[in-house]
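Hi,

Here is the structure I said I would pass on.

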Amino acid sequence: MYAPRDASDSGILPLPAGESDMRPDSYLQLKGVHKRWGAFTALEQIDLSIARGEFVCFLGPSGCGKTTLLRIIAGLETQTVGEIWQAGRNISVLPPAQRDYGIVFQSYALFPNLTIADNVAYGLVNRRQSRAQIAERVQGLLALVGLPGSGAKYPAQMSGGQQQRVALARALATSPGLLLLDEPLSALDALVRVRLRNEIRALQRELGVTTVMVTHDQEEALSVADRIVVMNHGVIEQVGTPAEIYREPASPFVAQFIGKVNRLRGVSEGDHWFRCGDKRLRCAPAAGADFRPGRPVALYLRPEDRVVGDLREDDPALCTGRVGRIEFLGGNCLAEIEVEGLPGQPLQLQFSLNQMDEFGVREGAPLRFALRTDRLRVFAAGEETE
Ligand SMILES: Nc1ncnc2c1ncn2[C@@H]1O[C@H](COP(=O)(O)OP(=O)(O)OP(=O)(O)O)[C@@H](O)[C@H]1O
Ligand SMILES: [Mg+2]
């Protein structure tokens with residue numbers, strides 16, 4: 001019998017008293033998790049609360065600690081400090097087999113010498129179920145992931161996308177409370193990836209299983225997640241819904257990592273006014289701190305945050321410019337605009353193909369527009385990190 005140990009003999013350092021509180025709606029909670037390998041810190045002060053049934057993505061650049069954090073939740077790696085709670089149970093020191101999750105890795109990780117049915121049944125054999133019960137469950141799972149009737153095949157007879165469906169069926173076989181996915185789609189080609197991510201999302205909704213998916217693909221995270229955890233260099237930069245992360249980035253890193261963004265150099269004049277080149281712009285008070293006058297700042301604006309029709313002549317954000325290079329992106333284009341009074345700081349503005357015709361946006365043409373200063377995000381220039 002497995003006897004739960006107490007944290008004192010696990011080698012995990014105890015959590016300092018008074019760290020984050022348990023939220024009542026929380027299903028999975030990470031409290032003050034740190035991970036060090038010798039002198040290298042892979043994760044620092046990770047506090048995160050995930051609600052039952054939520055789909056959360058860990059998003060960040062390569063090496064930021066996403067996989068390490070997922071493996072700590074799974075018990076495949078041990079945190080140096082901190083606690084993990086699942087469904088009200090402190091699982092911080094439990095071995096993987098004692099935790100309640102299913103996991104899918106980037107590489108298909110199916111047993112090549114077992115049939116698809118035996119791969120899916122792998123986690124069920126020790127669960128005191130009859131062969132008939134297991135066979136029925138496997139059939140049900142294969143139907144659930146869109147592969148009915150393929151139980152007799154072997155992994156080598158299936159495409160990459162099909163193998164990941166099998167891996168998903170295997171992860172769901174024991175009806176775990178938590179589904180962990182580590183870049184499950186990144187080895188697949190673009191079309192299969194989009195189809196499968198939508199299927200995973202639909203399946204997750206149907207089953208209501210709390211899900212954590214690691215990805216470095218922002219589009220993937222924005223399209224499937226209820227909330228995104230943006231990580232960088234082992235710390236959480238921001239946790240929020242896709243719209244919050246995109247519209248209200250909490251740091252320059254998030255503003256630049258998610259989507260396209262213009263960065264303008266400026267100087268604070270106080271009361272949320274900023275000078276950029278010859279222009280004076282006032283941002284919404286919520287968009288950033290009120291920096292003391294003279295402080296260098298960086299102003300971030302998305303390419304779609306501009307107005308072209310209905311311009312007010314007294315609007316300080318009114319700009320006159322000339323269209324430079326146009327980048328064709330499909331239904332949209334990004335036009336580079338040299339703006340009078342903003343020397344050396346060309347703006348990238350986004351237009352639909354229809355708007356390009358409507359506003360006469362073509363290389364070399366003049367363009368009048370106003371910046372949506374209500375959408376500006378402002379950070380102290382010195383706060384920016386790569
Ligand atoms: N066993 C280990 N020993 C020492 N350092 C490690 C070990 N495993 C991971 N690291 C380091 O920890 C950091 C985080 O690694 P991790 O695999 O979690 O990154 P990631 O965000 O998943 O990156 P990727 O997107 O490339 O998969 C990296 O710098 C990595 O080199
Ligand atoms: Mg990884």
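The structure holds 12 salt bridges, a salt bridge being a side-chain nitrogen of Lys or Arg within 4 Å of a carboxyl oxygen of Asp or Glu. As background, side chains of opposite charge can pair when their charged atoms come close. Before the details, a word on the model: it is a predicted one, where local features need pLDDT of at least 70 and side-chain atom pairs count only at pLDDT 80 or more, while totals for chains, interfaces and linings use all residues. Residues are numbered from 1 along each chain as its sequence is written, chains are lettered from A and ligands numbered from 1 in the order in which they are written, and side-chain values use heavy atoms, with hydrogens and water left out.

Back to the pairs. Arg-227 and Glu-54 form a salt bridge with N and O 2.5 Å apart. They sit 173 residues apart, Arg-227 in strand β9 and Glu-54 in the loop between β2 and β3 (55–59); helices (H or I, at least four residues) and strands (E, at least two) are DSSP runs, numbered from the N terminus. Both of these residues are buried, where buried means under 20% relative accessible area, exposed over 50%, and partly exposed in between (1.4 Å probe, protein chains only).

Another pair is Arg-282 with Asp-271, at 3.2 Å from N to O. Arg-282 belongs to strand β13 (residues 279–282) and Asp-271 to the loop between β11 (262–270) and β12 (273–276), so the bridge ties together parts 11 residues apart in sequence. Arg-282 is partly exposed at 32%, and Asp-271 is partly exposed at 45%.

Then there is Asp-305 with Arg-375, whose closest N and O atoms are 3.8 Å apart. Here the parts tied together are 70 residues apart in sequence. Asp-305 is buried, at 5%, whereas Arg-375 is partly exposed, at 25%. You will also find a network of salt bridges linking Glu-269, Arg-275 and Arg-280.

Now for ligand 1. The residues around it (a heavy atom within 4 Å) include Trp-37, Phe-40, Lys-66 and Glu-183. By type, the shell divides into 5 nonpolar, 5 polar and 2 charged residues; Ala, Val, Leu, Ile, Met, Phe, Trp, Tyr, Cys and Pro count as nonpolar, Asp, Glu, Lys and Arg as charged, and the others, Gly among them, as polar. β2 (40–51) and α1 (66–74) each supply at least two residues of the shell, and the largest share, 3 residues, comes from α1.

Oxygen atoms of ligand 1 come within 2.5 Å of a side-chain N or O atom of Ser-62, and 2.8 Å separates a ligand oxygen from a side-chain N or O atom of Thr-67. For Gly-63 a backbone N or O atom is involved, also at 2.8 Å. Taken alone, ligand 1 exposes 640 Å², and the protein buries 60% of that (Shrake-Rupley method, 1.4 Å probe).

What about disulfides, how many are there? The count is 0, with a disulfide taken as a pair of cysteine sulfur atoms within 2.5 Å. For Cys-276, the nearest cysteine sulfur is that of Cys-319, 9.7 Å away. Cys-276 is buried, at 0%.

Lastly, two loop residues. Ser-175, between α4 (160–172) and β7 (178–182), has a positive phi near 50° without being a glycine, and it is exposed at 52%. His-233 likewise has phi near 50°; this residue is in the loop between β9 (227–232) and β10 (235–240) and is exposed at 63%.

Cheers

Methods: Polar contact = N/O pair within 3.5 Å; in protein donor to acceptor, adjacent residues only side chain to side chain.
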